[in-house]
Amino acid sequence: MDKSLQETYAPNSICYGCGPANPHGLHIRSFVGEGGELVAEWQPQPHHQAFEGALNGGVIGTLLDCHCNWTAAYHLMTVQGLERPPATVTAEYTIRMLRPTPVDAPVHLRARPIETQGSKVVVEGELIAQGEVCATCRGTFVAVKPGHPAYHRWE
């Protein structure tokens with residue numbers, strides 16, 4: 001299997017959602033899809049449930065937050081011609097829960113940049129399970145500068 005963006009550019013990241021180096025994290029693995037969209041597949045476990053058969057909303061938020069953040073970072077890397085994605089952080093995001101997300105099958109994440117202004121990218125994403133969109137996200141993600149605590153987060 002190919003390396004994800006996280007494994008390629010941030011193998012030492014300890015982020016709970018997407019850090020390959022966090023032994024207790026969710027280990028989201030984002031890949032480049034068509035048209036600048038990022039895609040991921042993730043398998044819920046029984047301990048991720050909010051109630052019988054349904055994925056916890058906080059986990060849903062984490063999945064979309066991290067995946068959309070990587071979408072912004074990859075987009076900035078591409079449009080700015082960088083060798084590595086800049087370290088980005090979440091400025092704000094909104095999650096809309098549309099229906100319970102089942103935990104008995106993989107969830108699919110899709111995200112795409114919709115607006116860029118300098119080091120700021122607005123991203124929209126979706127969490128899909130069993131062919132249905134269960135949650136959506138719209139967030140603003142910003143590349144940080146030297147001196148910010150997250151500046152070296154992916155090194």
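Predicted model: local features only at pLDDT ≥ 70, side-chain atom pairs only at ≥ 80, totals over all residues.

Q: Fine. How many bridges join β6 to β7?
A: Ten, and the two strands run antiparallel. β6 covers residues 107-117. β7 takes in residues 120-129.

Q: Which residue of β7 stands opposite Leu-109?
A: Leu-127.

Q: And what sits between β6 and β7?
A: Two residues, in a hairpin. Gly-118 there takes a positive phi near 65°.

Q: Is β7 mostly covered or mostly open?
A: Mostly covered. Eight of its ten residues are buried.

Q: What about the other partner, β8: how many bridges does β7 share with it?
A: Ten bridges, again in the antiparallel sense. β8 spans residues 132-143. Across that pairing, Glu-126 stands opposite Thr-136.

Q: Which residue in the β7 and β8 turn has a positive phi?
A: Gln-130, at about 50°. That hairpin also has two residues between its strands. Gln-130 is not a glycine.

Q: Buried or exposed, that Gln-130?
A: Exposed. Its relative accessible area is 51%, and the cut-off for exposed is over 50%.

Q: Switching topic. What is the phi of His-27?
A: Near 55°, a positive value in a residue other than glycine.

Q: Where does His-27 lie?
A: In the loop between α1 (5-9) and β1 (31-32).

Q: How exposed is His-27?
A: Partly, with a relative accessible area of 31%.

How values were computed. Residues numbered from 1 in each chain as written. Heavy atoms only, no water. Buried < 20%, exposed > 50% of the residue type's maximum accessible area, 1.4 Å probe, protein only. Helix = DSSP H or I, 4+ residues; strand = E, 2+ residues; numbered from the N terminus. Pairing = 2+ DSSP bridges.
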